[in-house]
Amino acid sequence: MKDKVVVLDTNVLLHDPEAPHRFGDLRVVIPMQVVEEIDRFKKDHSEKGRNARRISRLLDSYRARGSLADGVPIEGTNHGMLQVIFCQAQALQDLPAELQGGGGDNNILAVALEQMRCSGLKQAPEVVLISKDINLRIKADAVGLQAEDYVNDNVSIDDLYTGFRELSTDAETIKTLHDEEQLPLEAVADPEGQHLQANEGVVLVDQRNDSHTLLARHQGNSNTIKPLHWLQRAHLGRIKARNREQSFALDLLLDPSVALVTLVGKAGTGKTLLAIAAGLHQVADTHHYARLLVTRPPISLGKDIGYLPGTLEEKLGPWMKPIIDNIDFITGSTPGEEADQTKKQRQREPRNAWADLQGMGLLEVEAINTIRGRSIPHQFLVVDEAQNLTPLEVKTIVTRVGEGTKVVFTGDPYQIDNPYVDAESNGLTWLVEKLKGQPLVGHMTLTKGERSELAELAANIL
């Protein structure tokens with residue numbers, strides 16, 4: 001049987017420090033160049049720094065099993081081996097002239113190519129370079145080396161769970177559900193035999209009249225579905241659902257039995273607006289939660305503006321502008337209303353609303369990199385732009401949730417500014433697929449833009 005070797009790039013270990021354990025009984029090779037690069041990250045205060053320290057501790061723990069240069073058994077496998085290898089001068093000379101300078105990616109390529117010519121083996125091993133760096137994978141292909149992305153935690157964005165489905169039924173079933181406000185699951189069975197996930201939305205369509213519909217939801221891990229028409233009695237100021245996906249989203253956001261909600265959708269679909277409106281309602285009106293806590297990754301679009309002066313709150317100000325915009329919309333007046341107000345008064349009102357909410361202790365802005373180590377009880381936590389988080393960062397946030405807290409993740413997997421994740425490896429889509437079907441979790445994919453006709457046009461065409 002042909003031996004198979006995987007060579008890991010630095011970005012794979014920084015993305016997932018447990019990556020050496022993900023390849024079963026294969027031989028895992030870590031070039032010394034990778035160890036050097038990890039050492040440069042270990043003092044970083046970001047998630048990359050923490051991951052660098054974790055992989056350093058992991059490699060150090062394996063030294064007790066033997067020589068890393070010769071290879072040591074990987075815990076939890078039958079034949080898996082972990083090996084740290086230097087780049088040999090001869091291997092560099094075998095690279096094309098443009099890549100013989102050494103250092104960085106070239107050393108990693110040289111180590112991978114050298115593994116293909118391992119002496120002492122009857123048959124050359126199959127070597128695969130695993131990297132999240134697209135350019136390194138292109139280089140590897142150019143020198144005849146097999147290269148792959150690290151896909152252990154990838155989720156196919158095309159197959160992402162939507163959170164709801166359409167089911168055809170008869171008019172009598174729809175009427176019974178509307179009048180009695182619940183039905184057993186068996187009454188609306190999927191013709192394809194697929195079971196409804198916990199908290200999955202259902203659009204019941206009259207098989208004889210497709211304009212006759214009713215929105216309902218499978219309630220947690222119960223054996224019943226309930227209609228959503230109670231939402232007509234919920235008052236969120238000027239905010240109301242404009243389409244069926246937003247109706248399902250509000251139903252999840254306003255249900256205290258659903259402790260975690262994920263909202264995925266393109267720009268303008270109302271993800272953040274609905275989350276903030278539902279949070280403010282349950283904090284200021286129903287007092288179900290003590291505080292609305294808002295956080296988002298400080299990753300900018302385009303070139304970074306550099307360090308900002310002032311207090312933590314002042315530093316977070318530019319990153320929280322989208323949240324302020326949403327609170328402005330929720331608390332502000334509709335154009336044409338209160339015509340007797342002066343222009344100056346109308347401009348000042350939203351700013352006062354933001355400051356007043358903070359002054360009353362109902363709203364708190366949190367830097368996402370300070371959330372580690374905290375316990376957050378009885379709060380409505382909104383994590384905006386979650387598509388820029390890694391799976392490990394998302395896990396860190398969810399494990400901070402205390403008793404009585406609801407956490408909402410919102411984001412657009414197609415608008416990612418973090419260079420270390422993409423539409424299929426980011427923490428938001430990973431979270432959706434990992435937790436779908438759990439009684440405490442709900443998800444909704446929003447597809448119809450409601451910001452403006454122009455925004456919808458740009459999101460669909462540009």
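Arg 291 is partly exposed, with a relative accessible area of 26% (buried means under 20% relative accessible area, exposed over 50%, and partly exposed in between, with a 1.4 Å probe and protein chains only). The side chain of Arg 291 meets that of Glu 364 in a salt bridge (3.5 Å, N to O), a salt bridge being a side-chain nitrogen of Lys or Arg within 4 Å of a carboxyl oxygen of Asp or Glu. This pair links distant parts of the chain, with Glu 364 in strand β14 (residues 363-365) and Arg 291 in strand β13 (residues 291-295), 73 residues apart. Glu 364 counts as partly exposed, at 24% relative accessibility. Helices (H or I, at least four residues) and strands (E, at least two) are DSSP runs numbered from the N terminus.

The model is predicted: local features need pLDDT of at least 70, side-chain atom pairs count only at pLDDT 80 or more, and totals for chains, interfaces and linings use all residues. Residues are numbered from 1 along each chain as its sequence is written, and side-chain values use heavy atoms, with hydrogens and water left out.

Across the whole structure, 16 salt bridges are found. In one of them, Glu 385 meets Arg 296 (3.5 Å, N to O). The two residues are 89 residues apart, Glu 385 in the loop between β15 (379-383) and α13 (391-398) and Arg 296 in the loop between β13 and α10 (312-316). Glu 385 is partly exposed at 25%, whereas Arg 296 counts as buried at 11% relative accessibility. Arg 54 is partly exposed at 31% relative accessibility, and Glu 18 is partly exposed at 26%.

Strand β12 (residues 260-265) is largely enclosed by the rest of the structure, because six of its six residues are buried. Leu 260, Thr 262 and Val 264 lie on one side and Val 261, Leu 263 and Gly 265 on the other, so that both faces are covered. β12 pairs in the parallel sense with β16 over five bridges (two strands pair if DSSP finds at least two bridges between them), and Val 261 stands opposite Val 408 in β16. β12 also pairs in the parallel sense with strand β17 (residues 441-446), over six bridges. The bridge partner of Gly 265 in β17 is Leu 446.
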